Amino acid sequence: MKSNKLISITTSLFCLLLFSYQNINAQKKVDTDSLLTVILKNMKTNHPDYKLNIKRALLGKKLAPDYLDFHLVLGRNYDLIKSKDSARYYYNYVIDKNPVYEDAFLYLINLDIEEQKYEEGLITTEKAIELFPDSKPFRIRRIAIYSLQNDTKNEAKYLKSIKAKFPNDPDIGQRLYLLYSKTNFERVGVYYNETTINRDGVGPWYLASVDYMRQRIWGSVSAKLNYAKRRSSSLVMSSGFQAEAESYLFAKKNNYHYIDVAYSQDSAFPEFRLGYSYYHNFSKGWEADLGARYILMQDNSNLKALNIGLGKYFGSFWVNLRSFIQEDGTSINITSRYYYKTKYDYITLIAGYGTSLDDRTRAAQYEVRMSASSYRVSAGFSKLIKSHYIFGLLITANEQEYVANEFQTELDFAFLMQYKF
């Protein structure tokens, strides 16, 4: 009897102790989770207190030494106060203890990039890709490291690889286009455009160019010699040459500039032309540009325009809307391209209204056309052949108002041939 009572008391005490132990652990778990929530919430505020977060995380680590989230937030907060060695220690600690923490890899790779430890960053990136093969951010960071090292060969290799894995990603299409724009090469070419007009005694018009372009990591510069001849009733109404220089200059990582200068003494062209645009690439394939154009005609009159553009990559598709705001009227163009291989392999469709100051074919008639209505559509393609030859064709139909409510149809047939070396 006494023995049974003793057993019963012992069992009750054991259960009470077990319950108390479990309750303490549960309370401890709740307390540490709450502490972690407070830290994370503070990090998302407009004015986070990183040093206070570090104190809280050190306390959490002491209460629950195996709770790796505290080590991760310690690394992140040390990182944000520029204590890089401490940040690196905690990121590596988390990865060593449990490599499923994807954020720890991302933070460590970003730290390697910031401190220009590119080789270490590549090693970490390769390890992360093995563990998370379907994660795009690690592949993008590997490409970013190659870009920072000016290793265009590996950058192109892995960009093509990631594009095959994520074919509809706009950021990758944009990166590929910009990469091709930074590849070192030279190019020489010829351009020819013939315009026929369905009004008796008007046309045809001819525009031809020869150009040389040099492209480097900093951007590109090209020199052109343009020739135009405009006929009417079998007579040459105007003809002549124009010298032109164009340049694209890369600035910071996501920005570049466009500059254009041209001069002519002949009536077929304006006397002087100056163009400038500033481009910025945003995330998710967006691009915007803002610029201006200034034209001095042969009779000393001048024209000015403000241009605004917005573009977007949709996988292999690129769409751009650009408007020229001019004193006597506004023009607008919508351009779409489908890139099926390189920067030089694409199919294009264009629709527009009005005459812009970038339309070289109608340069001698800017003044009379800017206030008149016109509607046009274009279709064409560009093709890179055997890595050296670029061939392009563009056909444009333009309905142009020449007097009030009277229109003529203008057909442009443009051909381009270039050699890239």
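Residues are numbered from 1 along each chain as its sequence is written, and side-chain values use heavy atoms, without hydrogens or water. Because the model is predicted, local features need pLDDT of at least 70 and side-chain atom pairs count only at pLDDT 80 or more, while totals for chains, interfaces and linings use all residues.

**Exercise 1. Find which residues pair with D79, and say where they lie.**

Step 1. A salt bridge is a side-chain nitrogen of Lys or Arg within 4 Å of a carboxyl oxygen of Asp or Glu.

Step 2. Take R76. The side chains of D79 and R76 form a salt bridge at 3.6 Å, N to O. Both residues lie in helix α3 (residues 68-80), three residues apart, about one turn of the helix. Helices here are DSSP runs of H or I with at least four residues, strands are runs of E with at least two, and numbering starts from the N terminus.

Step 3. Take K84. D79 also meets K84 in a salt bridge, at 2.6 Å, N to O.

Step 4. Buried means under 20% relative accessible area, exposed over 50%, partly exposed in between (1.4 Å probe, protein chains only). D79 has 6% relative accessibility, so D79 is buried. K84 is buried as well. R76 is partly exposed because its relative accessible area is 24%.

**Exercise 2. Work out which parts of the chain the D358 and R273 salt bridge ties together.**

Step 1. Get the distance. The closest N and O atoms of D358 and R273 are 2.6 Å apart.

Step 2. D358 lies in the loop between β11 (346-353) and α10 (366-369), and R273 lies in strand β6, so the pair ties together parts that are 85 residues apart in sequence.

Step 3. D358 is partly exposed, at 24% relative accessibility. R273 is buried, at 3%.

Step 4. Salt bridges that share partners join K224, E244, E246, D260, R273, R293, D358 and R360 into one network. The structure holds 25 salt bridges.

**Exercise 3. Classify the aromatic pairs Y146 with Y158 and F185 with Y344.**

Step 1. Rings of Phe, Tyr and Trp (its six-membered ring) pair if their centres lie within 6.5 Å; planes under 30 degrees apart count as stacked, over 60 as edge-to-face and the rest as tilted. A search of the whole structure finds 23 aromatic pairs.

Step 2. Take Y146 and Y158. The ring centres are 5.6 Å apart and the planes lie at 5 degrees, so this pair is stacked. Y146 lies in helix α7 (residues 136-148) and Y158 in helix α8 (residues 152-165), so the pair ties together parts twelve residues apart in sequence. Both tyrosines, Y146 and Y158, are buried.

Step 3. Take F185 and Y344. This pair is edge-to-face, at 6.3 Å centre to centre and 80 degrees between the planes. F185 lies in strand β1 and Y344 in the loop between β10 and β11, so the contact ties together parts 159 residues apart in sequence. F185 and Y344 are both buried.

Step 4. Look for a cluster. Y248, F250, Y256, Y258 and Y279 form one aromatic cluster.

**Exercise 4. Locate the backbone features at Q116, K284 and P204.**

Step 1. Take Q116. Its phi is positive, about 60 degrees, although Q116 is not a glycine. Q116 lies in the loop between α5 (102-114) and α6 (118-131). At 58% relative accessibility, Q116 is exposed.

Step 2. Take K284. This residue also is not a glycine, and has a positive phi of about 60 degrees. K284 lies in the loop between β6 (272-281) and β7 (286-296). At 57% relative accessibility, K284 is exposed.

Step 3. Take P204. A cis peptide bond joins G203 and P204, with omega about -5 degrees. P204 sits in the loop between β1 (185-197) and β2.
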